[in-house]
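Q: I am new to this one and would like to go through it piece by piece. Could we begin with the structure itself on view?

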Amino acid sequence: MKTLLYTGDQKIVAKSGVGEALRHQRKLLELLGWEETEDAKSGYDAVHINTVFPASLLMSLRARQQGKKVVYYAHSTMEDFRNSFTGANLVAPLFKKWITLCYNTGDIIITPTDYSRKLLESDHYRIRKPVYSLSNGIDTGFWKKDEQAGRRFREKYGISERKKAAISVGHYIDRKGILDFIEMGKRMPEVEFYWFGYTSLYLIPGKIRRAIRKAPANVHFPGFVSRDELHEAYCGSDVFLFLTKEETEGIVLLEALSCEIPVVLRDIPIYSEWLWNGVDVYKGRNVDEFTDITNQILSGEVQNLTKQGRKMAAERDFSRVAGKLKKIYRQSGIESTAESAAGHTAAVDRLDVDCLDPVTTNF
């Protein structure tokens, strides 16, 4: 099996969750023992498309015309497009029509969770192709607790052992909960807050720009950092705040859970189906509740849930997700006859594909 990972728009999404998902797919293909290419002229059996730019749509149409199979990854919905960049709410209905057009050019559509699958299968969208739910996955071998890495983070940012640190990761957009994050910094001046990630201030509404510029001295914006530096931040912080208002999964959430850092989530529908309040994570509905539970975590007043959080991340480890991707290829008929005739590679056998939970789909 030879799979093309379409990277024509990679520069645009490289510093986003979509860019990270593309890197994850590369790892999954490696685990499966399938050949991967980024050169559309080299010949391939199927193509993975992760973006919804015009060039992505053209790539999908071209591949279909050439008799190739198209796997369209649905990372975006109208719901998570809202409350993002300047003017997003105004054009959200048009965005929904556009992504529906893009996704319908695929032979199948893969989206990270059952929640996003149900959205795409609802009457609000006119998706005519099979939709599968499959996690973006997580490399639990890399994203794991490491005290030395944590010390490097604290040394770099001058955080003493007695000082508490809270972090979040994402774009500077309202949907990600950045305004609540800054407000928490105002209410908790004894804690250092770090927001990792970056968005051009020209792309975000004025209220976000003003909030960032007027943030108190204990709220920091280090910008986009490397994978290693982010790992250090997870390991060296005392709590991870993921105050997002809408997601299709949240790769950074998986990273935090895998690194065994206490997590505070906004209580939204997507996480009601697989992360339980007081069991895997702690949840709140507004800044008052976020502040209250964070204070309880930092003071040790509530139970440490990090071991259970690590278990939830492990359920989405690359080894499991790769097996489920293999199963999707089989069920949808995308797996090439040439690859099937060649038999399983040792890597595929080790994934124990048939023991995995069935993949949810709706034809």
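Q: Where is T77 found?
A: T77 is in the loop between strand 4 and helix 4 (78–81). Helices (H or I, at least four residues) and strands (E, at least two) are DSSP runs, numbered from the N terminus. Residues are numbered from 1 along each chain as its sequence is written. This is a predicted model, in which local features need pLDDT of at least 70 and side-chain atom pairs count only at pLDDT 80 or more, while totals for chains, interfaces and linings use all residues; side-chain values use heavy atoms, with hydrogens and water left out.

Q: Is T77 buried or exposed?
A: T77 counts as buried, at 1% relative accessibility. Buried means under 20% relative accessible area, exposed means over 50%, and partly exposed is in between (1.4 Å probe, protein chains only).

Q: What is T77 in contact with?
A: Leaving aside neighbours within four places in sequence, T77 is in contact with F95, I99, L119, L120, Y125 and T248. Contact means heavy atoms within 4.5 Å.

Q: And how far apart are T77 and V131 in space?
A: They are 13 Å apart, C-alpha to C-alpha, and 54 residues apart in sequence.

Q: Changing topic: how many salt bridges does the structure hold?
A: The structure holds 23 salt bridges. A salt bridge is a side-chain nitrogen of Lys or Arg within 4 Å of a carboxyl oxygen of Asp or Glu.

Q: What about E20 and R23?
A: Their side chains meet in a salt bridge of 2.9 Å, N to O. E20 and R23 are three residues apart in helix 2 (residues 17–32), so about one helical turn separates them. E20 is buried, with a relative accessible area of 16%, whereas R23 is partly exposed, at 32%.

Q: Which parts of the chain do R64 and D107 tie together?
A: The side chains of R64 and D107 meet in a salt bridge of 3.8 Å, N to O. R64 lies in helix 3 (residues 54–65) and D107 in the loop between helix 5 and strand 5 (108–111), so the pair ties together parts that are 43 residues apart in sequence. R64 is partly exposed, with a relative accessible area of 35%.

Q: And K118 with E273?
A: Their side chains meet in a salt bridge of 3.5 Å, N to O. This pair links distant parts of the chain, 155 residues apart: K118 is in helix 6 (residues 114–121), and E273 is in the loop between strand 11 (263–266) and strand 12 (282–284). K118 counts as partly exposed at 43% relative accessibility, and E273 is partly exposed at 41%.

Q: Which residues are linked in a network of salt bridges?
A: R26, E36 and E38 are linked in such a network.

Q: What about D317, which is buried yet has no salt bridge?
A: For D317, the nearest side chain of opposite charge is R310, 6.8 Å away. Lys and Arg count as positive and Asp and Glu as negative, while His and the chain ends are not counted. D317 is found in the loop between helix 13 (306–314) and helix 14 (318–332). Not counting residues up to four places away in sequence, D317 touches I138, D139 and T140.

Q: On to the rings: how many aromatic pairs are there?
A: The count comes to 18 aromatic pairs. Rings of Phe, Tyr and Trp (its six-membered ring) pair if their centres lie within 6.5 Å; planes under 30 degrees apart count as stacked, over 60 as edge-to-face and the rest as tilted. The rings of Y72 and Y103 have centres 5.5 Å apart and planes at 70 degrees, so this pair is edge-to-face. Y72 lies in strand 4 (residues 69–73) and Y103 in helix 5 (residues 88–103), so the pair ties together parts that are 31 residues apart in sequence. Both Y72 and Y103 are buried.

Q: Which residues form one aromatic cluster?
A: F142, W143, Y234, F240 and F242 form one cluster. The charged end of R227 sits over the ring of F142, 3.7 Å from its centre. A charge sits over a ring if NZ of Lys or CZ of Arg is within 6 Å of the ring centre and within 35 degrees of the ring normal.
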